[in-house]
Amino acid sequence: MNVYDSKRMEDILAPFGYKTTDAPEGADMVILNTCHIREKATDKVFSELGRIRPLKDKKAEQGGQMLIAVAGCVAQAEGDFIMERAPYVDFVFGPQTYHELPEMIANLTNAYGDNRRVNTEFPSESKFDFLPEEHGSQGVNAFLSIQEGCDKFCTFCVVPYTRGSEYSRTVQGIVDEAKRLVDNGALEICLLGQNVNAFHGEGPDGKIWGLGRLIQAIADIDGLERIRYTTSHPRDMDDELIETHAHPKLMPFLHLPVQSGSDRILKAMNRKHKADLYREVIEKLRKSRPDLAFSSDFIVAFPGETEEDFEDTMQLVRDVNYASAYSFKYSPRPGTPAANMQNLIRPDIADERLARLQGLINEQQLAFNQQSVGLTMPVLIERKGKREGQLSGRSPYFQSVNIQGNERLMDTIVNVKITEGFANSVTGDVVLQETISEAKA
Ligand code: SAH
Ligand code: SF4
């Protein structure tokens, strides 16, 4: 979502003559867009700021001016602290106020005196009603924010505090943006939200639509080949969304975080469901789309986690059999209820559990990639690979696929026969000269 937000900041600033550059040296403004989800986020911001500061000094010596801003969730959570500790930072703004960027900049550059400002309000109006249309293309693979914030208050998580309460955009606004993205070359759109399947936006019929219905509307857009969404919550997987997974444009890969396989820990996390509910949801989804591949997020060593709790997580992983998954050691976040919990897990035990879980996940990931060998699948070629003549893209199952091929295949969907599976990628051979997207045109 930060990638999407940064893109939208570009859209707002373009009419004022700002363009993005690849390097901060000499820039008129540097915006550091930050994430607060896990440990050391603030430290990272200060070390990054320390690198940018000499560039600002240099520009001033040359008679110019470089504005430095900190945006995103670290700004939201620690805005005042950043201003105090880093006096060379000109302004700070949270994720819900970036539509006010032109005003914030005007305020800084026009008036006299000290105009440094922290803008971490949660305005009553939505930024989406004020953002201009997208400027330029996101390429074949586009992000689209449809929902933001969260009302679930898992005990470990900062999102409800930094992104604010749950908000859904209107269906019309989303569909219009999706059409423009497709007109500008997108073949795949990934719908974004902190809790994306809690989406409940107003439809053109005045009724509230869920994510399933929204996906069906977006799937009707000509020229759009692939839809994904992230990140979803097991409790918000309603029947309509589950059925929508049978739609050929909705890709057969779903990131569905569960965090833990232990009912006791799920309760302490305030996830408000049991591990078996997750198993049932997965089963229903697999009925709707038999080849659906899953990934998840796991937190190990949450306060009070016993060996037995951890074993429940391992068992859940064995039961589901993931195509990939992310796992993290629990990291106490200031201001969250879990940060006050006393029964912390010893770091050596946490490390050992994380290694065991990652070992199991890696095995499953390798097995998944090896099972693909012999299959032919459409791959969206997105970039050059690391080796000479190599191109790289994504399979429907979100695998990273490497092929040898002519650069003209870039930004198209080609059929690839998978020849080898590795831990983090697969390789294959192009089977058709004509690309699917060209064939349709
Ligand atoms: N809304 C999603 C997750 C958003 S946060 C959900 O409910 O599942 C992304 C991931 O970061 C989480 O799934 C979790 O695994 C991890 N995470 C969040 N807070 C964390 C913390 N305090 N310590 C460790 N991992 C955390
Ligand atoms: Fe955080 Fe996700 Fe829980 Fe919301 S549902 S509080 S975003 S982990």
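The shell around ligand 2 is made up of seven nonpolar, two polar and two charged residues. In this sorting, Ala, Val, Leu, Ile, Met, Phe, Trp, Tyr, Cys and Pro count as nonpolar, Asp, Glu, Lys and Arg as charged, and the others, Gly among them, as polar. The shell's members are C150, K152, F153, C154, F156, C157, V159, P160, N195, H233 and R271; a residue belongs if one of its heavy atoms lies within 4 Å of the ligand.

Some ground rules before going on. This is a predicted model, where local features need pLDDT of at least 70 and side-chain atom pairs count only at pLDDT 80 or more, while totals for chains, interfaces and linings use all residues. Residues are numbered from 1 along each chain as its sequence is written, chains are lettered from A and ligands numbered from 1 in the order in which they are written, and side-chain values use heavy atoms, with hydrogens and water left out.

**Ligand 1**

Now for the other ligand. Ligand 1 has 16 residues around it, and R38, Q194, Q259, D297 and S331 come nearest. The table lists some of its polar contacts, meaning pairs of N or O atoms within 3.5 Å (within protein, one must be able to donate a hydrogen and the other to accept it, and residues adjacent in sequence count only if both atoms are side-chain atoms).

| Residue and atom | Atom of ligand 1 | Distance |
|---|---|---|
| R38, polar side-chain atom | oxygen | 2.8 Å |
| F156, polar backbone atom | nitrogen | 3.0 Å |
| D297, side-chain N or O atom | oxygen | 2.6 Å |

**H255 and its partners**

D297 has another partner too. The side chain of H255 makes a polar contact with the side chain of D297 at 3.2 Å, and also one with the side chain of S295 at 2.6 Å. H255 sits in strand β12, residues 253-255; helices (H or I, at least four residues) and strands (E, at least two) are DSSP runs, numbered from the N terminus. Is H255 buried or exposed? H255 counts as buried because its relative accessibility is 10%, and the cut-offs are under 20% for buried, over 50% for exposed and partly exposed in between, with a 1.4 Å probe and protein chains only. Leaving out residues up to four places away in sequence, H255 touches T230, T231, S232, S295, S296, D297 and Y326, where touching means heavy atoms within 4.5 Å.

**Loops worth a look**

Two of those neighbours, T230 and T231, are joined by a cis peptide bond, with omega near 0°. T231 lies in the loop between β11 (226-230) and α8 (239-244). Most residues other than glycine have a negative phi, and most peptide bonds are trans.

Two asparagines have positive phi values. N270 has phi near 60° and sits in the loop between α9 (263-268) and α10 (275-288). N321 has phi near 65° and is found in the loop between α11 (307-320) and β15. Both are partly exposed, N270 because its relative accessible area is 23% and N321 because its value is 42%.

A338 is another loop residue, placed between β15 (326-329) and α12 (347-371). With 1% relative accessibility, A338 counts as buried. A338 touches T155, F156, F302, P303 and Y330, again not counting residues up to four places away in sequence. A268 is 70 residues away from A338 in sequence, yet their C-alpha atoms are 8.4 Å apart.

**Empty space**

Rolling a probe the size of a water molecule over the atoms shows where empty space is left. On a 1 Å grid over the protein atoms alone, a cavity is a set of points where a 1.4 Å probe fits but cannot get out, and a pocket is an open set with protein on both sides within 12 Å along at least five of seven lines; lining residues have an atom within 4 Å of a point. Grid points are joined across faces, edges and corners, and a volume is the space filled by probe spheres set on the points.

The second largest pocket holds about 610 Å³. It is lined by 23 residues, and T20, T21, M29, V30 and I31 are the closest to its centre. α1 (2-13), β1 (29-34) and α2 (41-61) each give two or more residues to this lining, with the largest share, six residues, coming from α1. By type, the lining has twelve nonpolar, five polar and six charged residues.

How many cavities of 30 Å³ or more are there? The count is one. The largest cavity holds about 40 Å³, and its lining is Y4, K7, R8, D11, E134, H135, G136, Q138 and E177. Here too α1 gives the largest share, four residues.
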